[in-house]
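Subject: Structure handover

Hello,

Here is the structure I promised to pass on. My notes on it follow below.

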Amino acid sequence: MTTRRGSWSNWLDILSNWSLEQLIYFWLGIIVVFGFIYWTAGIAMGWGLQAGNNLGQPDLNGLGTALYFCFVTALSIGYGDVIPLGPLRILAVTEGIAGLLIFGCVISKLVSRRQEELTEEIHRTTFEDRLDRVRTNLHLVFSDLEAIAQINREHSALPEQVLKRLESSERVFIGELKTIHDLLYGARIVPDEDALESLLANLALCLTSLSALLTSQSQRSTGLDAGLRTISNLANEICGECVPRDYAPALKEWMDQIKELAKTIV
């Protein structure tokens with residue numbers, strides 16, 4: 001019993017690994033093979049299928065009847081207008097079981113394919129939403145850095161206060177860089193070139209503002225310097241590993257600019 005159950009499981013595993021096209025061709029092949037068996041049985045033994053009160057004939061009409069019977073049997077429709085005779089009834093039952101099993105696998109594949117399409121669409125929508133949020137947050141980081149630079153120029157706050165605000169903006173910047181790294185590194189969904197260019201442009205804008213701010217920032221801290229090294233490393237990794245190579249030629253200018261800016265902040 002265990003061996004028989006294992007063999008059935010093996011057959012089901014094999015069928016589940018086949019593509020939709022392979023399953024359909026195999027299903028049609030079973031119908032054709034069984035049709036020829038019914039037809040040749042009628043020719044060789046004088047009995048095979050009976051349509052109404054007439055036995056199947058050894059001609060093309062008889063072959064058509066046999067194929068028709070195979071289709072309705074494999075689909076488990078069973079109109080009853082054509083019936084098998086003698087031992088062919090066992091063959092018809094076997095065909096019905098095989099046809100239903102394979103047809104069930106075909107339906108499962110169709111449903112699975114649709115689910116994969118929906119899942120892919122959900123992943124793409126989520127991916128694009130996260131990219132939009134990152135671009136928005138990078139713009140907020142840039143605005144904050146510009147505000148800190150304005151405070152520096154006007155000397156409207158103590159250096160310690162400016163430093164604390166700069167460290168806070170730095171932490172937000174690092175968080176967004178990590179998000180970009182996680183989104184792009186080994187991503188199954190590749191963003192379109194316009195979205196990627198917009199992302200790199202915002203990143204370059206933030207690094208430009210940060211680099212200019214650091215030249216006028218007189219007070220530094222250990223935490224600030226450590227964060228700047230992290231920003232520099234993440235920026236280099238994003239340009240060196242995360243950006244798809246297919247897009248690299250068109251975006252090379254942005255990536256080179258980001259790498260140069262990353263050097264100026266450490």
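Phe34 and Tyr38 sit four residues apart in helix H2, so about one helical turn separates them. Helices here are DSSP runs of H or I with at least four residues, strands are runs of E with at least two, and both are numbered from the N terminus.

Some ground rules. This is a predicted model: local features need pLDDT of at least 70, side-chain atom pairs count only at pLDDT 80 or more, and totals for chains, interfaces and linings use all residues. Residues are numbered from 1 along each chain as its sequence is written, and side-chain values use heavy atoms, with hydrogens and water left out.

**Aromatic pairs**

The rings of Phe34 and Tyr38 are tilted, at 6.4 Å centre to centre and 50 degrees between the planes. Rings of Phe, Tyr and Trp (its six-membered ring) pair if their centres lie within 6.5 Å; planes under 30 degrees apart are stacked, over 60 edge-to-face, the rest tilted. Both Phe34 and Tyr38 are buried. Buried means under 20% relative accessible area, exposed over 50%, and partly exposed in between, with a 1.4 Å probe and protein chains only.

The whole structure holds five aromatic pairs. Trp27 and Phe71 make an edge-to-face pair, with centres 6.1 Å apart and planes at 75 degrees. This pair links distant parts of the chain: Trp27 is in helix H2 (residues 20-45), Phe71 is in helix H3 (residues 60-74), and 44 residues separate them. Trp27 is buried at 10% relative accessibility. Phe71 is partly exposed at 35%. Together with Phe103, Trp27 and Phe71 form one aromatic cluster.

**Overall picture**

The protein has eight helices and three strands. From the N terminus on, the order is α-α-β-β-α-β-α-α-α-α-α. Buried residues account for 36% of the 266 residues. Take contacts (heavy atoms within 4.5 Å) between residues at least 6 apart in sequence: 77% of them join residues at least 24 apart. The accessible surface is about 15400 Å², and 58% of it belongs to carbon and sulfur atoms. Those areas come from the Shrake-Rupley method with a 1.4 Å probe; for residues, only the protein chains shown count as cover.

**Cores**

A nonpolar core is a set of buried Ala, Val, Leu, Ile, Met, Phe, Trp, Tyr and Cys residues joined through side-chain atoms within 4.5 Å. The largest has 43 residues, of which Phe173, Leu207 and Leu210 touch the most other members. Helix H4 (88-154), helix H5 (159-184), H6, H7 and helix H8 (248-264) each give two or more residues to this core. Another core lies apart from it, with 22 residues, among them Leu23, Ile31, Leu63 and Ile102.

Leu210 is in contact with Leu145, Leu166, Phe173, Leu228, Ile231 and Ile265, leaving aside neighbours within four places in sequence. Ile174 lies in helix H5 and is buried at 12% relative accessibility. Its C-alpha is 7.5 Å from that of Gly227, 53 residues away in sequence. Beyond four places in sequence, Ile174 touches Gly227, Thr230, Ile231 and Leu234.

**Helix H4**

How far apart are the end C-alpha atoms of H4? They are 98 Å apart, which agrees with the 99 Å that its 67 residues should span at 1.5 Å a residue. The expected span is 1.5 Å times one less than the number of residues. Just after H4, His155 takes a positive phi of about 55 degrees.

Lys109 lies in helix H4 and is partly exposed at 25% relative accessibility. Lys109 and Trp18 are 91 residues apart in sequence, yet 9.3 Å apart in space, C-alpha to C-alpha. Outside four places in sequence, Lys109 is in contact with Ser16, Asn17, Trp18, Leu20 and Leu23.

**Two loop serines**

Ser221 sits in the loop between helix H6 (193-216) and helix H7 (222-242). Ser221 is buried, at 17% relative accessible area. A polar atom of its side chain lies 3.1 Å from the backbone nitrogen of Leu224. Not counting residues up to four places away in sequence, Ser221 touches Leu163 and Glu167.

Ser76 lies in the loop between H3 and strand S3 (82-84). Ser76 is not a glycine, yet has a positive phi of about 60 degrees. Ser76 is partly exposed, at 48% relative accessible area.

Best wishes

Conventions. Polar contact = N/O pair within 3.5 Å; in protein donor to acceptor, adjacent residues only side chain to side chain.
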